[in-house]
Amino acid sequence: MKLHLKEEFGFLAGFADLLGTEVKNGILVIPDNKGKGYLRGFRLDNSINMLVSFYEFNDNVLAKRLGGQNTLNRILFSFNNIFPDADSKNKYSGNLPSIQIFKGKLNIETFYPGRTKFNSIFIGIDSDKLAKTLGVNIDNEIFRNIITSEQSILFEELLSPKIEQVAMEIIQADIPASLNDFFFKIKAEELICLTLKELFKRENPTTHALNQIDVQKIYKVRDTILNNIAAPPVIKQLASEVGMSESKFKRLFKQIFGDSLFSYYQKFRMKEAARLLKENKMTVSEVGFKMGFSNLSHFAKVFEDHIGTKPKSFQKIKQN
């Protein structure tokens, strides 16, 4: 199945036509012969809308996210994989709990095998609305770029615990219909605020122009390293594989993800080590070797730097 995502106000109706069904009271229920779940749309005012997606398809899906007609005047916040698929073999790539912030004409194409669980929240807001709400004099280069740039922009952040909490409050909301608009508008604005809080932690970088080919290449490398987490990445080799210079690759990777390739990789390497230690099926030594460390003292130091405690102490705490 080919799915084109425009994230505009008319998206649900077009999606319903594709599936041979209809939207009722802002909710599209996936037909049983196609899969299961729902999508729910909200038009919170004339400048902000929200789409809550919680569904899966029986068949494979090729999803292409398309820039809309007003792409440079509209900012999209995409909160992806709020409930990660515990059964997925690719825990750290396509199913990564993350936020994408973008505007412009970037078309991002992704393949999802059948039974992939989609659980996301999309919020679209006009640049003018966001600037008016927060004020145009905020002393942050990233914010100014988001508001004023006339080129395509894409940033990605990991979901913080607070953002996950608010996102789940939206999905699990059980409130009277008369309070819907009030409640969901507040929550949408809270998600935007918390996301900008994370973005503002970045250094004020120079934002370089992006095109969809380069973006696809960067994400391809990101998925490659996270799906082979025990193998330290070699930038020269990875950049060569996608036909990009080392300097350009490093610049665009840090621009999108806010971190260098190796630092980003090391973060997930330690997350995986912590998961294995928490399961308590392997010793500290076995986990260190599995994560590609030949020096266990070095493993313990890197683990402590990222997790805050030594591997043995971490495993003992999780046992209690």
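Two strands pair if DSSP finds at least two bridges between them; helices (H or I, at least four residues) and strands (E, at least two) are DSSP runs numbered from the N terminus. These legends describe a predicted model, in which local features need pLDDT of at least 70 and side-chain atom pairs count only at pLDDT 80 or more, while totals for chains, interfaces and linings use all residues. Residues are numbered from 1 along each chain as its sequence is written, and side-chain values use heavy atoms, leaving out hydrogens and water.

**View 1**
Of its 320 residues, 47% are buried (under 20% relative accessible area; exposed is over 50% and partly exposed lies in between, with a 1.4 Å probe and protein chains only). Among the contacts (heavy atoms within 4.5 Å) with a separation of 6 or more, 73% are between residues 24 or more positions apart.

**View 2. An open sheet is built from 7 antiparallel strands.**
To trace the sheet on your screen, follow the order β2-β3-β4-β9-β6-β7-β10. At its edges are β2 (27–29) and β10 (153–158), each of which pairs on one side only. From one strand to the next, the twist averages 10°. Helix α2, made of residues 127–134, lies across β3 (35–45), β6 (74–80), β7 and β9 (117–126). Relative to β9, helix α2 runs at about 75° (axes are lines fitted to C-alpha atoms, for helices over the stretch in contact, and angles run from 0 to 180 degrees between N-to-C directions).

**View 3. Strand β7 sits in the sheet order between β6 and β10.**
Strand β7 covers residues 98–103 and is joined to β10 by 6 bridges, the two strands running antiparallel. Zoom in on this pairing and you will find glutamine 100 opposite glutamate 156 of β10, and phenylalanine 102 opposite leucine 154 of β10. Towards β6, 5 bridges make the link, again with an antiparallel run. Here phenylalanine 79 faces isoleucine 99 of β7. β7 is mostly covered, with 6 of its 6 residues buried. One side carries Ser98, Gln100 and Phe102, and the other carries Ile99, Ile101 and Lys103. Both faces are covered, and the residues named on each side are all buried.

**View 4. Tyrosine 55 and serine 120 lie 65 residues apart along the chain.**
Tyrosine 55 is part of strand β4, which spans residues 48–57. Its relative accessibility is 7%, so tyrosine 55 counts as buried. Between the C-alpha atoms of tyrosine 55 and serine 120 the separation is 9.3 Å.

**View 5. Helices α6 and α8 cross at roughly 85°.**
Helix α6 takes in residues 212–226 and helix α8 takes in residues 246–257; their axes come within 10 Å. If you show the side chains, α6 contributes Asp214, Ile218, Tyr219, Val221 and Arg222 to the meeting. From α8 come Lys248, Phe249, Leu252, Phe253, Ile256 and Phe257.

**View 6. The largest nonpolar core holds 52 residues.**
Such a core is a set of buried Ala, Val, Leu, Ile, Met, Phe, Trp, Tyr and Cys residues joined through side-chain atoms within 4.5 Å. The members touching the most others are Phe15, Leu28, Leu39, Ile218, Phe249, Phe299 and Phe303. Helix α9, residues 261–279, gives the most to this core, namely 9 residues. A second, separate core has 36 residues, including Ile153, Ala167, Ile170 and Leu199. For a closer look at leucine 28, set aside its neighbours within four places in sequence: its contacts are then Leu12, Phe15, Ala16, Leu19, Thr21, Glu22, Val23, Gly37, Tyr38 and Leu39.

**View 7. Asparagine 25 has a positive phi.**
This residue is found in the loop that runs between α1 (11–19) and β2. Phi of asparagine 25 is near 55°, a positive value in a residue other than glycine. With 79% relative accessibility, asparagine 25 counts as exposed.

**View 8. Asparagine 280 has a positive phi although it is not a glycine.**
You will find asparagine 280 in the loop between α9 and α10 (284–290). Its phi is about 60°. A relative accessible area of 41% makes asparagine 280 partly exposed.
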